[in-house]
Amino acid sequence: MFLLIAYATTDGQTRRIARFAADRLAAVGHSVELLNVEDSEGLDLARFDAAILAGSLHAGGYQKALARFATDQATLLALMPTLFLAVSLSAAGNDPDDWAGLRKCLAEFETGTGWTPDRVEHVAGAFRFSEYDFFRAWAMRRIADQKGEAIEAGKDKEYTDWAAFGAALDSWVADLPKAGAASAG
Ligand SMILES: Cc1cc2nc3c(=O)[nH]c(=O)nc-3n(C[C@H](O)[C@H](O)[C@H](O)COP(=O)(O)O)c2cc1C
C-alpha cells in the first residue's frame, strides 16, 4: 500500500509521532510519504491508498495549517481509509472533563474542515520546555502544577505511550482493504 502521513506540529512532538508511524508502517512493507502539511502544495492525494493526518491541540484547537489541508482535501479524503492522530496532553490522563474537551475539539475540527476521519487515535504528547519561549513555559508550568505533574526546570517530559500507539497503528493498517486503486506495495 502507498500511505500518506501528513502532519502539523508546533513544538515537534507530533513530528516524532508521525515519524514513528512512518517507520512502523514502512517496516511491514508499506510505501510511506511523510509530509509536513506546510509543504503540501501541489500534492496529488489520489496517488495514495490511505492517509494519516496528525496534529496537536494548542489552546483548544488543532493547527490551522492542518485544518486548511483537511478542508482542501476533504473530498478526496472521503474516498480513502483515513486515520487522524490527535495529539494532546489531555489524552495523557483519565479526567472525564479533559476527554469531553477532546471530543468537543475533534467535533469542531470535523465540522470546520468537512472531513470526518474513519478512525481517530488520541495520542498523549509531551511538555517540550526546550521549545517554549518564556511565556509559554510559564503557562505550561502552571498547567503541570494544576495537574500535579512534577516537572524538572527546563526539562522535556514525554507522555506518549509508544507501545500502545504502535499497536493501534498495527490494528489500523491490518484493517485496510488489501488492494487499493493506486497500490504501490
Ligand atoms: C501553548 C500550548 C497550549 C496547549 N493547549 C492544549 C490544550 O488545549 N489541550 C490539550 O490537551 N493539550 C494542550 N497542549 C499540549 C500539546 O497538545 C502537547 O504539548 C503536544 O505534545 C504538542 O504537540 P507538538 O509538539 O507537535 O506541537 C498545549 C500545549 C501548548 C504549548
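This note covers the ligand site of a predicted model.

1. Local features need pLDDT of at least 70 and side-chain atom pairs count only at pLDDT 80 or more, while totals for chains, interfaces and linings use all residues. Residues are numbered from 1 along each chain as its sequence is written, and side-chain values use heavy atoms, with hydrogens and water left out.

2. The ligand is surrounded by 20 residues, each with a heavy atom within 4 Å of it. Thr-9, Thr-14, Leu-57, Ser-90 and Ala-126 are the closest. The shell holds 7 nonpolar, 11 polar and 2 charged residues, with Gly counted as polar and Asp, Glu, Lys and Arg as charged.

3. A backbone N or O atom of Leu-89 lies 3.3 Å from a ligand nitrogen atom. The protein buries 88% of the 640 Å² that the ligand exposes when taken alone (Shrake-Rupley, 1.4 Å probe).

4. Domain 1 (2–125 + 160–174) and domain 2 (129–159) both contribute shell residues, so the ligand lies between them; the bounds come from an automatic or database assignment.

Definitions and conventions:
A polar contact is a pair of N or O atoms within 3.5 Å; within protein, one must be able to donate a hydrogen and the other to accept it, and residues adjacent in sequence count only if both atoms are side-chain atoms.
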